[in-house]
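Here is a short tour in questions and answers. Keep the structure in view as you read.

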Amino acid sequence: MNDDLRLFIALEPAEELKSALARWRGVLPSAARSTPQEQYHLTLVFLGGTPPEAAERLAAEFAAAFDGSSAAQLIPDGFGCFPSRSRPNSLHLAFKAEPELLELKRRADTLVGRITGKPADNRRFMPHITLLRFKSRLSAEDSEKLERLTKMRCPATMARKIVLFHSHNNTGRLIHTPLALVELPGTRPST
């Protein structure tokens, strides 16, 4: 049996953004499984399977890795679908890659690389929060709902918490358990 832990480092969005996103559930397509509000997060680094010893070191060195960091302003950049809107697997709210956000990503990559030896992901960083996953192809009605949803607007907010999460399956439901958390100082977003 493999004892590796499925880990990721993420920003936790402010409660006002989580609440705003949760209110839109009424317009979600029926062919979708929505992300529970308490699990909304913006992934900086996905580690995948990580040996328990490395997970312990990551947790122990987490606060030091983000010492001096500031809260990141999350500026919505519209709703999108992966891989595409015409054949969506998931719906997300995208965010602009602002300097504070990129600095937190760089620090997370550095921490992971130093402890696990895993190189930073070379793919373009696309900051987003996954809101739902589609269970099947969309009907015409669901496609209309998706189109309306992608035109909604969200306010800018701050992400003041960066978290090392352990993601595990609990009878078919993913649970994200924090292993380490850092509160980031910062001000209100400009609008």
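Predicted model: local features only at pLDDT ≥ 70, side-chain atom pairs only at ≥ 80, totals over all residues.

Q: What is the volume of the largest pocket?
A: Start with the residues around the largest pocket, which is lined by 38 of them. His41, Thr43, His128, Thr130 and Arg133 lie nearest its centre. The volume of the largest pocket is about 1,200 Å³.

Q: Which strand gives the most to the lining of the largest pocket?
A: Several elements each supply at least two residues of this lining, including strand S1 (5-12), helix H3 (99-116) and strand S10 (173-183). Strand S3 (42-50) is also one of them. With five residues, the top contributor is S3.

Q: How many charged residues does the lining of the largest pocket have?
A: Sort the lining by class. There are 16 nonpolar residues and 12 polar ones. The charged residues number 10.

Q: How many residues in the lining of the second largest pocket are charged?
A: The second largest pocket holds about 160 Å³ of space. Among the residues that line it are Arg85, Arg87 and Arg137, along with Pro88 and Leu138. By class, two are nonpolar and four are polar, while the number of charged residues is three.

Q: What is the angle between the planes of Phe8 and Phe165?
A: The structure holds two aromatic pairs. Phe8 and Phe165 form one that is stacked, with 5.1 Å centre to centre. Planes under 30 degrees apart count as stacked. The angle here is 25°.

Q: How many residues apart in sequence are the parts that the pair of Phe8 and Phe165 ties together?
A: Phe8 lies in strand S1 and Phe165 in strand S9 (residues 161-170), so the pair links two separate strands. The parts it ties together are apart in sequence by 157 residues.

Q: Is Phe8 buried or exposed?
A: Buried means under 20% relative accessible area. The value for Phe8 is 3%.

Q: Which residue in S9 is the bridge partner of Ile9?
A: S1 and S9 run antiparallel, and six bridges join them. Ile9 has its bridge partner in S9. That partner is Leu164.

Q: Which residue takes a positive phi in the hairpin of S9 and S10?
A: S9 and S10 pair in the antiparallel sense over 10 bridges. The hairpin has two residues between the strands. The residue with a positive phi, near 50°, is Thr171.

Terms used:
Residues numbered from 1 in each chain as written. Heavy atoms only, no water. 1 Å grid on protein atoms, 1.4 Å probe; cavity = no way out; pocket = protein on both sides within 12 Å on 5 of 7 lines; lining within 4 Å. Points joined across faces, edges and corners; volume = space filled by probe spheres on them. Helix = DSSP H or I, 4+ residues; strand = E, 2+ residues; numbered from the N terminus. Nonpolar A, V, L, I, M, F, W, Y, C, P; charged D, E, K, R; others polar. Phe/Tyr/Trp six-rings, centres within 6.5 Å; stacked < 30°, edge-to-face > 60°. Buried < 20%, exposed > 50% of the residue type's maximum accessible area, 1.4 Å probe, protein only. Pairing = 2+ DSSP bridges.
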